[in-house]
Amino acid sequence: SIRSSLPFPPMMRLGHQRSSLNLVPFVAALFGIAVLLLQPTGPQELLGSATTSGTTRGRSISSFPHQNTRRMFFGAPTNGLYQSLDSKQKQQQQQQQQPFFPNPINQPQRTAPWRARSTAAQEGVSLAKATAFCIPLEQLNNNDVEYVGGKSASLGEMISELASADVPVPGGFSTTAHAYRLFLAQSGLAEEIDTLLQNPEVYTDVRKLQETGKYIRDKILATPFSPELERAMLESWESVTGGDENAALAVRSSATAEDLPDASFAGQQETYLNVRGKDELFVKVKQVFASLFTDRAISYRHDRDFDHNKVALAATVQKMVRSETGSAGVMFSLDTETGFRNVVFVTSAWGLGETVVGGTVNPDEFYAFKPTLAEGKDAIIGRTLGSKKVKMVYSSGGGSEIIETNEEERERWSISNDDVLELSKMAVAIEEHYGFPVDVEWAKDGDTGKLYIVQARPETVASRKKQSMKEEYKLLERGDVVTEGRAVGNKIGSGKVRILSNVDEMASFQEGEVLVADMTDPDWEPIMKKAGAIVTNRGGRTCHAAIIARELGIPAVVGSADATEKMSDGDEVTVVCSEGDTGVIYKGSLGFERKEEDLSHLPDIPVKLMLNLANPSRAFEYGQLPNAGIGLARLEFVINNVIGIHPRALLGFDKLPAEMRSKILERTKGYADPVSFYVDKIAEGVASLAASVYPKRIIVRLSDFKSNEYKSLLGGPLFEPDEENPMIGFRGAGRYADQAFRECFELELVAIKKVREEMGLSNVEVMIPFVRTLDMAKEVNDIMAKNGLKRGENGLKVNMMAELPSNVFLAEEFLDYFDGYSIGSNDLTQLTLGLDRDSGLVAKHFDERDPAVKKALKTIITAAKAKGKYVGICGQGPSDFPDFAQWLTEQGIDSLSLNPDSVIPTWMHLANMDAKADDGPN
């Protein structure tokens with residue numbers, strides 16, 4: 001009968017006793033179809049679905065495969081995706097109805113009548129979606145969150161809108177919020193759930209929460225699907241799989257309040273992989289429905305003031321990418337720790353991506369720089385090889401399992417550089433389409449090598465930080481180190497340790513304790529919000545513990561490997577995440593301070609302030625301070641802290657003792673050879689620093705280790721001399737030109753050339769330290785030119801560090817070989833005053849403000865200004881003494897390069913002095 005076959009719930013059916021008030025939308029929808037079918041151009045212009053090969057909206061009907069044109073009533077597929085019609089009616093619909101699905105986003109400008117007609121048609125489409133049980137992903141878009149939830153709507157949006165941007169998304173279908181609500185309406189289940197969740201004890205007593213959640217989930221799992229929903233899912237499954245019982249599908253949750261720009265529901269509901277056959281599909285969809293009432297989901301919605309009754313769940317059913325033989329991971333279109341917007345952060349591990357999301361693996365990590373990515377450059381500016389000890393693969397009987405990786409998989413990258421660049425371009429395309437930073441899950445098919453996007457949602461933590469507000473934590477004392485791992489956030493926390501091995505122990509956890517565990521998953525969230533800090537053995541910066549810690553604003557250290565072994569319940573510890581990529585757990589409750597500054601209304605000052613910055617892991621944070629670039633980037637920081645190996649040991653690797661070779665191979669895993677490791681790590685470090693202030697200048701001082709400092713590197717004692725006074729010994733330009741070191745210096749030049757030309761960071765300038773003579777200046781310039789870094793070519797500027805008395809006496813002559821000076825006031829002061837700055841006996845005489853030092857400084861500044869060349873200062877003095885900074889400004893210096901913590905105080909001091917000068921005498 002008509003009443004039993006129309007695609008509407010009972011209250012909407014024709015002839016029903018309450019239907020008189022509900023015909024308006026139905027009639028409006030029919031009117032919309034009629035009007036559009038009468039248009040001269042036909043409804044093809046508004047076609048809104050995509051082919052399986054990824055065609056965007058707007059193509060003619062004839063360009064779509066036949067299987068994608070089998071739709072009925074307002075774009076609904078005829079194969080059961082809306083409430084079922086009998087076969088005869090289906091055939092009539094297929095013969096009579098043209099595909100119709102207007103594009104609600106980015107429509108071309110039309111006349112007012114067209115817009116009116118389009119609106120009427122859209123109302124018809126919305127009506128159909130609102131009453132459907134299942135809808136193909138390609139028929140969905142971002143306006144459909146209320147019908148199918150955030151995940152399904154986002155996938156549909158990408159399938160239909162981003163195919164032309166080379167963002168491939170596997171197809172599938174989604175159950176609907178309407179289907180879910182009808183399912184819960186059976187036997188009064190919805191009312192019972194509502195009553196249970198109104199009990200306030202559920203949100204204050206962990207045991208009560210667990211009992212209530214389990215009861216609701218069990219009731220849902222015991223409730224059968226209606227025949228109509230089961231039939232709709234069966235026909236949708238057949239459409240996607242062709243009836244192949246062995247076809248692998250992923251079944252994920254998609255909540256109507258999920259993945260919004262101001263809330264992250266990531267991991268709140270369940271995901272099931274390698275789902276095979278229709279019977280298993282039905283089981284997993286019901287389990288997805290039940291997962292709306294996991295303990296963590298109930299708690300999270302309550303904490304975020306989401307009404308349980310207003311959140312519905314859909315099941316996203318998607319074709320599986322064969323990443324169990326390839327790799328998968330997560331990427332963000334910004335840096336997750338600092339909110340720095342100019343990078344894409346990519347993580348990757350072998351097998352299915354749930355190990356990365358869940359934190360069971362320490363993945364490979366990559367950073368790609370957006371501006372040079374857009375220019376087609378090799379934009380990867382940072383790489384970290386993860387341990388990748390396990391991977392998730394298909395189980396033989398369906399589902400998935402975690403197995404150990406082999407040694408070869410652990411020691412190589414899980415994706416190639418080309419993959420990273422391709423993924424990064426996809427992330428940028430998705431971000432540009434949506435207009436906000438995104439969190440994206442991806443997978444690489446191991447059989448074809450093709451990359452796919454399997455999920456995208458708004459990034460809701462780092463992107464919401466107020467960039468004008470600077471929050472800084474500083475540790476005031478040190479203690480014994482317990483363990484280290486990857487730092488999450490930039491805060492410090494302390495408290496008593498509570499080690500939990502499973503979620504059943506949650507009731508013992510007390511407010512403010514430091515949660516220590518092997519790893520966490522969403523079931524832990526009710527207690528994570530009470531933690532003073534979080535520490536895990538496993539996981540990377542995109543694991544569950546890291547994501548939740550960022551969202552809650554709690555310091556966390558993940559991937560420590562041994563936290564549960566090194567700590568015991570009741571231990572007092574301090575968790576420090578404020579000093580770069582490495583998070584450190586110290587014994588005891590140590591003192592620290594927190595500062596917050598508003599940088600939104602800084603006054604003008606008469607000089608440029610630059611940064612002294614050497615640590616690449618802090619670059620994205622400090623680069624967001626007000627600055628005119630980086631005035632001093634010390635290369636030796638990267639060599640000492642990131643590489644840790646003497647360059648001659650790498651060049652002469654084959655001649656080293658076996659034990660040393662073994663240590664070097666361990667450190668250089670993932671790189672083509674030891675020398676490539678040295679060059680690439682320098683390049684990545686410099687590139688990260690340069691990216692943080694791009695396109696502003698960065699002056700990179702090439703290595704200025706002294707012989708005793710080089711000796712501390714692995715292999716150093718084999719190559720370094722013993723010197724009585726290394727401070728004025730074998731260092732700087734003199735070392736570069738010496739045959740014993742020249743080949744090592746050339747490796748630095750290879751790295752700088754790579755950063756400027758291959759990576760595209762042309763804002764990099766170089767600085768030569770400790771240039772004793774004019775002959776030395778000429779010789780170093782000649783060596784650089786022979787290695788492809790000729791001063792003046794491709795905009796390259798070569799500066800000199802003015803720090804010796806000879807530099808003062810010949811200030812004009814040295815400028816014939818350099819583009820400017822950066823004054824090293826530390827060495828200039830000690831050599832002018834004839835004292836050892838490291839000696840406590842004479843330390844009280846060390847003062848950059850001494851008249852002799854000031855006269856030397858003025859000579860250098862005057863010479864540079866006379867020749868129209870750059871002059872700045874990068875020594876410690878301006879950071880320590882605001883009055884000294886003021887004096888330098890009065891001498892006409894171009895820039896002051898300061899330590900990051902001195903930038904704002906110095907800025908305000910200079911602004912106040914400038915204001916007083918403008919006011920004049922009282």
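This is a predicted model: local features need pLDDT of at least 70, side-chain atom pairs count only at pLDDT 80 or more; totals for chains, interfaces and linings use all residues.
Student: How many helices and strands are in the chain?

Tutor: The chain has 34 helices and 32 strands; these are DSSP runs, helices being H or I with at least four residues and strands E with at least two, numbered from the N terminus.

Student: And what share of the residues counts as buried?

Tutor: Of the 922 residues, 57% are buried, where buried means under 20% relative accessible area, exposed over 50%, and partly exposed in between, with a 1.4 Å probe and protein chains only.

Student: How many disulfides does the structure hold?

Tutor: It holds 0 disulfides, a disulfide being a pair of cysteine sulfur atoms within 2.5 Å. As for individual cysteines, Cys543 counts as buried because its relative accessibility is 2%, and Cys744 is buried as well, with a relative accessible area of 1%.

Student: Switching topic, where is Leu281, and which residues does it touch?

Tutor: Leu281 sits in helix α10, residues 278–290, and is buried because its relative accessible area is 0%. Not counting residues up to four places away in sequence, Leu281 touches Phe173, Met233, Trp237, Val251, Val275 and Val317, contact meaning heavy atoms within 4.5 Å.

Student: How many residues apart along the chain are Leu281 and Met233?

Tutor: They are 48 residues apart along the chain, and their C-alpha atoms are separated by 8.6 Å.

Student: What about Asn799, is it buried or exposed?

Tutor: Asn799, which lies in strand β29 (residues 798–802), counts as buried because its relative accessibility is 0%. Leaving aside neighbours within four places in sequence, its contacts include Arg697, Glu765, Asp819 and Tyr870.

Student: Last one: at what angle do α31 and α33 pack?

Tutor: Helix α31 (residues 851–866) and helix α33 (residues 882–890) pack at about 35°, with axes 11 Å apart; axes are lines fitted to C-alpha atoms, for helices over the stretch in contact, and angles run from 0 to 180 degrees between N-to-C directions.

Student: Which residues make that contact?

Tutor: Lys854, Leu857, Lys858 and Ile861 come from α31, and Phe884, Trp887 and Leu888 come from α33.

Key: Residues are numbered from 1 along each chain as its sequence is written. Side-chain values use heavy atoms; hydrogens and water are left out.
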